[in-house]
Amino acid sequence: MTIAAIYQAVMEGDAPTASAQTQAALEAGIPAGSILTQGCIAAMTEVGQLFEQGEMFVPEMLIAARAMQGAMNVLKPHLAEGDIKSPGKVIVGTVAGDLHDIGKNLVGMMLEGAGFEVIDLGTDVTAEKFVQAAREQNADIIGMSALLTTTMPSMQATVEALTEAGLRDKVKILVGGAPVTQGFADKIGADGYAPDASSATRKARELVSAA
Ligand code: B1M
């Protein structure tokens with residue numbers, strides 16, 4: 001029941017061990033904040049780096065993220081306010097007309113792994129739903145995912161709806177998904193583009209620190 005064992009379990013995608021070790025560490029009096037930052041977040045940061053170096057692949061990253069979520073479920077009730085300062089609040093969703101959610105879920109899990117508060121609106125999310133959530137949640141970032149060339153225009157519609165709602169200067173917009181490119185992100189006026197879940201986390205950090 002050491003933080004190193006939790007780190008290792010997350011890296012290996014061993015969800016039962018990650019949860020059990022987290023429970024044991026809490027019972028041994030290790031602060032929840034330390035388990036989170038030195039165990040879960042540190043492991044997911046390394047997972048992201050290995051993925052970017054081509055030494056880890058999507059399925060391994062997914063199971064690592066699930067192990068991290070298992071540990072987080074044990075940890076959450078013990079995290080006192082102030083234990084960890086969230087870098088920001090991100091609303092994620094797959095845009096209108098699009099039901100693909102594997103990549104979006106991975107992005108959400110990696111953001112959570114980096115300490116962000118993530119609100120997941122699911123799939124087929126209309127511009128109006130993004131606007132409503134941005135307003136109600138006072139989000140720092142709207143993260144949109146699209147996997148179909150036919151649903152990419154929904155991203156532009158959402159940027160326009162946020163502008164019309166007067167929220168555009170209050171929220172950063174991050175876009176991604178297989179057909180999305182930096183050029184498309186620039187064209188629709190998004191603040192950031194990321195090709196994968198690991199770089200989405202890095203981009204989100206950049207966007208909140210530049211705000
Ligand atoms: Co669909 N599908 N699909 N599909 N599907 C694709 C996307 C397609 C490329 C397959 C193909 O033809 N080769 C094609 C799109 C073609 C195009 O638009 N040009 C396609 C099609 C056509 C369709 C249907 C129209 C098929 C039909 O019914 N005739 C239909 C559409 C349904 C709809 O959405 N309305 C459809 C349905 C489905 C399933 C339901 C069967 C299933 C989705 C299940 C689910 O998501 N729950 C499915 C799947 C699985 C795929 C493929 C095979 C895999 C997608 C995936 O999950 N990849 C896909 C082909 C492919 O990509 N090889 C395909 C793994 C995932 C981890 O990667 O989602 O790219 P990805 O996410 C990455 C990055 O893109 C990035 O980070 C992620 C992790 O690294 N990223 C972000 C994603 N979102 C981000 C957001 C960010 C930042 C980064 O910031 C916020």
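User: Where is N138 placed?
Analyst: N138 is in the loop between helix 6 and strand 3. Helices (H or I, at least four residues) and strands (E, at least two) are DSSP runs, numbered from the N terminus. Before we go on: this is a predicted model, where local features need pLDDT of at least 70, side-chain atom pairs count only at pLDDT 80 or more, and totals for chains, interfaces and linings use all residues. Residues are numbered from 1 along each chain as its sequence is written, and side-chain values use heavy atoms, with hydrogens and water left out.

User: Okay. Is N138 buried or exposed?
Analyst: N138 is exposed, with a relative accessible area of 61%. Buried means under 20% relative accessible area, exposed over 50%, and partly exposed in between (1.4 Å probe, protein chains only). N138 also has a positive phi of about 50 degrees, although it isn't a glycine.

User: What about D124, what's its phi?
Analyst: Phi of D124 is near 55 degrees, a positive value in a residue other than glycine. D124 sits in the loop between strand 2 and helix 6 (127–137), and it is partly exposed at 35% relative accessible area.

User: Switching to the sheet: in what order do the strands come?
Analyst: The 5 strands form an open sheet in the order 2-1-3-4-5, with parallel pairing. Strand 2 and strand 5 (192–193) are at the edges with a single partner strand each, so one side of each has no neighbour in the sheet. Two strands pair if DSSP finds at least two bridges between them.

User: How many bridges join strand 1 to strand 2?
Analyst: There are 4 bridges between strand 1 (residues 89–94) and strand 2 (residues 117–120), which run parallel. Among the residue pairs, K89 has E117 as its bridge partner, and V92 stands opposite D120. Strand 1 also pairs with strand 3 in the parallel sense, over 5 bridges, and there T94 stands opposite S145.

User: Which residues of strand 1 point which way?
Analyst: K89, I91 and G93 point one way, while V90, V92 and T94 point the other way. In a regular strand the side chains alternate between the two faces of the sheet.

User: Now the ligand. Which residue is the protein donor of its cobalt atom?
Analyst: H100 is the only one, through NE2 at 2.1 Å. Donors are N, O and S atoms within 2.8 Å of the metal (3.2 Å for Na, K and Ca); water is not among the atoms, so sites may look incomplete. H100 is in the loop between strand 1 and helix 5.

User: What else comes nearest to the ligand?
Analyst: Of the 26 residues around the ligand, L99, H100, D101, S145 and T149 come nearest. A residue counts as near if one of its heavy atoms lies within 4 Å. A backbone N or O atom of L99 is 2.6 Å from an oxygen atom of the ligand, and a polar side-chain atom of D101 is 2.7 Å from a ligand nitrogen atom.

User: Which helix gives the largest share of that shell?
Analyst: Helix 5 does, with 4 residues.

Conventions. Polar contact = N/O pair within 3.5 Å; in protein donor to acceptor, adjacent residues only side chain to side chain.
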